[in-house]
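Have the chain and its fold in view as you read.

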Amino acid sequence: MMKRVPVNIEKRYLGKTDLQATPIGLGCWQFSGNRSYWNSPPQQEVDKIVKITLDGGINWFDTAEFYGRGVSERALASALCKTGIVNHDVVIATKWFPFFRTSGNIQHTIDKRISCLSPYEIDLYQIHMPYSFSSVEAQMNAMASLVREGKIKHIGVSNFSAAQMRRAHAVLAKHGLPLASNQVWFNLVHRNPEKNGVLEAAKELNISIIAYTPLAQGLLTGKFHKNPELIKKLPFARRIQVGRKIEKTRNLINKLENIAGAHNCSLSAVALSWIINFHGDIVLAIPGATKTEQAQQNIDAQTLKLTPQEMADLDEVSRSVK
Ligand SMILES: NC(=O)c1ccc[n+]([C@@H]2O[C@H](COP(=O)([O-])OP(=O)(O)OC[C@H]3O[C@@H](n4cnc5c(N)ncnc54)[C@H](OP(=O)(O)O)[C@@H]3O)[C@@H](O)[C@H]2O)c1
């Protein structure tokens, strides 16, 4: 595996904000205690994953209210506290859950989010999905109020279409605030943001794209191709998600394997390096991890430099995955 290098990773600004984040952050859905989807690690393992992540130079974490109604947020805050890191040295992103709620709920629930993450402040507060009963405009007005009150620092959205992103951006501009980011499903086998106008709008308006599920839930690590028995052990929903793509992704996995061999690194590092570099600095990624080794492999992506030919080859092979 890759040789460890001292980590001082160049950070990227999130959109037009002054918030600086490493190209890779840690996704914390896995810390939600949700055993019906993830083999959620116990707190002791969460502590180790978070420490390895910080030691690897990563400076930010993505969680959400939805991830166990505060379980993931509390697990993250607890693990961060044990490392001794202080609030200003770490970037925290969390999300408001909009289902069956109006924008008024943003104000009602913010204190709960703050207390779950305490003593760490919310640097980026995102609307998890565009499914609130209220308009995008009303939600953005509510988020802008939280910034004015000093309860959050910056505003992001998630799963927003290009049109919804443009609306969010326009409302916030009236408040003199930037829309920092749109967090969307984006990886080598799911490249919709390149086709549905989201990436194009993000580039035009200078809004960062945060790629979630960047490893296709483990598919792009090659472990399920190598050992199909692992698929049978997955919780039902994930078994379906991963299982139906195995055959379709065989060529892509072979290509990832060749490139990983040439760089003496993991397939996950190659897949992540591609997603955070193929479109320049605008895309950041938040792989999840249930084990320390995974967290370490994913961190390695930040120091891995693929050649232009390798980037192009991955682009080409991945386009053939239908
Ligand atoms: N905004 C949204 O709507 C939304 C939706 C989904 C996710 N997210 C965010 O995005 C984050 C990441 O997405 P995701 O968790 O769906 O998928 P992912 O990052 O593509 O896959 C993560 C899973 O893959 C396996 N894995 C990770 N690294 C590995 C490695 N190096 N080697 C082998 N296996 C590895 C682990 O599962 P096992 O150990 O169980 O195999 C891990 O839990 C989440 O934590 C969450 O913060 C946001």
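N34 lies in the loop between strand 3 (26-27) and helix 1 (43-55). Helices (H or I, at least four residues) and strands (E, at least two) are DSSP runs, numbered from the N terminus. This is a predicted model: local features need pLDDT of at least 70, side-chain atom pairs count only at pLDDT 80 or more, and totals for chains, interfaces and linings use all residues. Residues are numbered from 1 along each chain as its sequence is written, and side-chain values use heavy atoms, with hydrogens and water left out.

Buried means under 20% relative accessible area, exposed over 50%, and partly exposed in between (1.4 Å probe, protein chains only). Not counting residues up to four places away in sequence, N34 touches W29 and S40. Contact here means heavy atoms within 4.5 Å. V71 is 37 residues from N34 along the chain, and their C-alpha atoms are separated by 9.4 Å.

N59 sits in the loop between helix 1 and strand 4 (60-62). N59 counts as buried because its relative accessible area is 8%. Leaving aside neighbours within four places in sequence, N59 is in contact with K11, Q20, A21, T22, V90 and V91. The side chain of N59 reaches the backbone oxygen of Q20 at 2.9 Å. A polar atom of that side chain lies 2.9 Å from the backbone nitrogen of T22. A polar contact is a pair of N or O atoms within 3.5 Å; within protein, one must be able to donate a hydrogen and the other to accept it, and residues adjacent in sequence count only if both atoms are side-chain atoms.

Now the ligand. Of the 32 residues around the ligand, Q30, L215, K223, R238 and T290 come nearest. A residue is near if one of its heavy atoms lies within 4 Å. Helix 13 (residues 292-300) gives the largest share of this shell, 3 residues.

| Side chain | Ligand atom | Distance |
|---|---|---|
| Q183 | nitrogen | 3.0 Å |
| K223 | oxygen | 2.6 Å |
| S268 | nitrogen | 3.3 Å |

Taken alone, the ligand exposes 900 Å², and the protein buries 95% of that. These areas come from the Shrake-Rupley method with a 1.4 Å probe.
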